[in-house]
Amino acid sequence: MAKCPACDRDVRTPLFLNLDGWRHLTCPHCKARLEMKPPRSVVLGPLIAPLFVLARQGRVFEVIAFVFMFATIVLLLLESVRPKVQLRKKPLPKPTIQLNIDGPSN
Ligand SMILES: [Zn+2]
């Protein structure tokens, strides 16, 4: 469950990996089109690699790198279980393949 930012009521959110469900998510109360807020912990991801390079410098850095990695994974899991939604500003993506049924046949 997430809170609709437009009417502040509960919205049933699809599963984190159900991208099609997210693409068509609308608030059942006010019909606002919603999308998933990108999890904040994603920004921590790119920091893991340099930390593990640093970890070769000594035990302390090794421990820091592992703690940081676990914290990032736990945060990501927590945020994917309880996703936040925001109002969708962009229009729905147009289908790239268009059926041309009525067009002249070659
Ligand atoms: Zn709403």
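## The zinc site

Let's start with the metal: the zinc ion takes its protein donors from Cys4 (SG), Cys7 (SG), Cys27 (SG) and Cys30 (SG), at 2.2 to 2.3 Å. Donors here are N, O and S atoms within 2.8 Å of the metal (3.2 Å for Na, K and Ca), and water is not among the atoms, so sites may look incomplete. The site of the zinc ion is tetrahedral, with angles of 106 to 113 degrees among its four donor atoms. Four donors count as tetrahedral if all angles lie between 85 and 135 degrees. Along the chain, the donors of the zinc ion are spaced as C-x2-C-x19-C-x2-C.

Cys27 is buried, with a relative accessible area of 0%, whereas Cys7 is partly exposed at 24%. Buried means under 20% relative accessible area, exposed over 50%, and partly exposed in between (1.4 Å probe, protein chains only).

## About the model

A word on what you are looking at: this is a predicted model, in which local features need pLDDT of at least 70 and side-chain atom pairs count only at pLDDT 80 or more, while totals for chains, interfaces and linings use all residues. Residues are numbered from 1 along each chain as its sequence is written, and side-chain values use heavy atoms, with hydrogens and water left out.

## Overall layout

The protein chain has three helices and four strands, and its pattern along the sequence reads β-β-α-β-α-α-β. These elements are DSSP runs numbered from the N terminus: helices are H or I with at least four residues, strands E with at least two. Of the 106 residues of the protein chain, 22% count as buried.

## Loop residues

Two loop residues other than glycine have positive phi values. Asp8, in the loop between β1 and β2, has phi near 65 degrees. Lys31, found in the loop between α1 and β3, also has phi near 65 degrees. Asp8 counts as exposed at 54% relative accessibility, and Lys31 counts as exposed at 60%.

Arg12 has its place in the loop between β2 and α1 and is exposed, at 67% relative accessibility. The C-alpha atoms of Arg12 and Thr26 are separated by 9.5 Å, with the two residues 14 apart along the chain.

## Helix α3

The patch lies on the surface and consists of Leu54, Val60, Phe61 and Ile64, with about 340 Å² of accessible area together. Patches are made of residues with over 30% relative accessible area and no salt bridge, joining like charges within 9 Å and nonpolar side chains (Val, Leu, Ile, Met, Phe, Trp, Tyr) within 5 Å. A salt bridge is a side-chain nitrogen of Lys or Arg within 4 Å of a carboxyl oxygen of Asp or Glu. Accessible areas come from the Shrake-Rupley method with a 1.4 Å probe, and for residues only the protein chains shown count as cover. Ile64, which lies in helix α3, is partly exposed at 41% relative accessibility.

Glu79 is also found in helix α3, but this residue is buried, with a relative accessible area of 18%. The Glu79 side chain reaches the backbone nitrogen of Arg40 at 3.1 Å.

Technical notes: Four donors count as tetrahedral if all angles lie between 85 and 135 degrees; four count as square planar and six as octahedral if opposite donors are over 155 degrees apart and all others between 65 and 115; anything else is irregular. A polar contact is a pair of N or O atoms within 3.5 Å; within protein, one must be able to donate a hydrogen and the other to accept it, and residues adjacent in sequence count only if both atoms are side-chain atoms.
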